[in-house]
Amino acid sequence: DDGVGDDIDNDDWIGANLPVTWNGSVDGDWDDPDNWNLRGGTIPPSSAQDIVINSGVSNNLELTGSKTVESVLINDGGVLNVESDASLTVSGNTIINGAEALVLKSDASGTASFIDEGTITYENSGTVKVERYIPLSVGNGAYHYIGTPIDAHAKFSDMTDLYAYRESDLSWLAHDDLTDGFTTYNNAKGY
């Protein structure tokens, strides 16, 4: 256990390509080194590092500011919240295990950004929750025109007074009009 000769075990291996694991033992702050388990590289993680987020941690990761990492693995039960004023860029691959494992927040101050420059893999029914803050419109006839960047997005169950525009007959369809097939939102279509 001293890293010499045949007395080498797993704790003696240190390298920049080993992942840094979130433990959340102090709070949700990315920049607090005590929230990470170091197996190689630096704490907090740098742009060349892989990060792992497990379940069963005391505090979920609450990302603020702008961060870049090599890859992200969110294990089933783990959660990565990207706050409304934050951005995360992954230069490699992202693996999302479990429902709402990645949450992109939105409020009056802005909307979170997540850019994956590799491949996103969803395992074990993995999903991403994307919030979108829409400010209250004041006055008669005020409205917002929105769209989704995700194909076949499930219909919002808590939205009221939402309409889809049907170009075939130039009409607006109420969000609860299931007879016209308005059960999912499609990308590049306005609502």
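The model is predicted, so local features need pLDDT of at least 70 and side-chain atom pairs count only at pLDDT 80 or more, while totals for chains, interfaces and linings use all residues. Residues are numbered from 1 along each chain as its sequence is written, and side-chain values use heavy atoms, with hydrogens and water left out.

View 1. Helices (H or I, at least four residues) and strands (E, at least two) are DSSP runs, numbered from the N terminus. Of the 191 residues, 31% are buried; buried means under 20% relative accessible area, exposed over 50%, and partly exposed in between (1.4 Å probe, protein chains only). Among contacts (heavy atoms within 4.5 Å) between residues at least 6 apart in sequence, 47% join residues at least 24 apart.

**View 2. Four strands form an open, parallel sheet.** Their order is β4-β7-β10-β15. Because β4 and β15 (128–130) stand at the edges with a single partner strand each, one side of each has no neighbour in the sheet. Two strands pair if DSSP finds at least two bridges between them; β7 and β10 are joined by three. In general, strands of a sheet pair through backbone hydrogen bonds, either parallel or antiparallel.

**View 3. The largest nonpolar core has 22 residues.** Such a core is a set of buried Ala, Val, Leu, Ile, Met, Phe, Trp, Tyr and Cys residues joined through side-chain atoms within 4.5 Å. L80, V82, L88 and L102 have the most contacts inside this core. Strands that each supply at least two of its residues include β1 (20–22), β7 (80–82) and β10 (102–104).

**View 4. V82 stands opposite L104 in β10.** Leaving aside neighbours within four places in sequence, V82 is in contact with L63, S87, L102, V103, L104, K105, A112 and S113.

**View 5. S66 lies in strand β5 (residues 66–69).** Is S66 buried or exposed? S66 counts as exposed because its relative accessibility is 59%. A polar contact of 3.1 Å joins its side chain to that of S87. A polar contact is a pair of N or O atoms within 3.5 Å; within protein, one must be able to donate a hydrogen and the other to accept it, and residues adjacent in sequence count only if both atoms are side-chain atoms. S66 and L88 are 22 residues apart in sequence and 6.0 Å apart in space, C-alpha to C-alpha.
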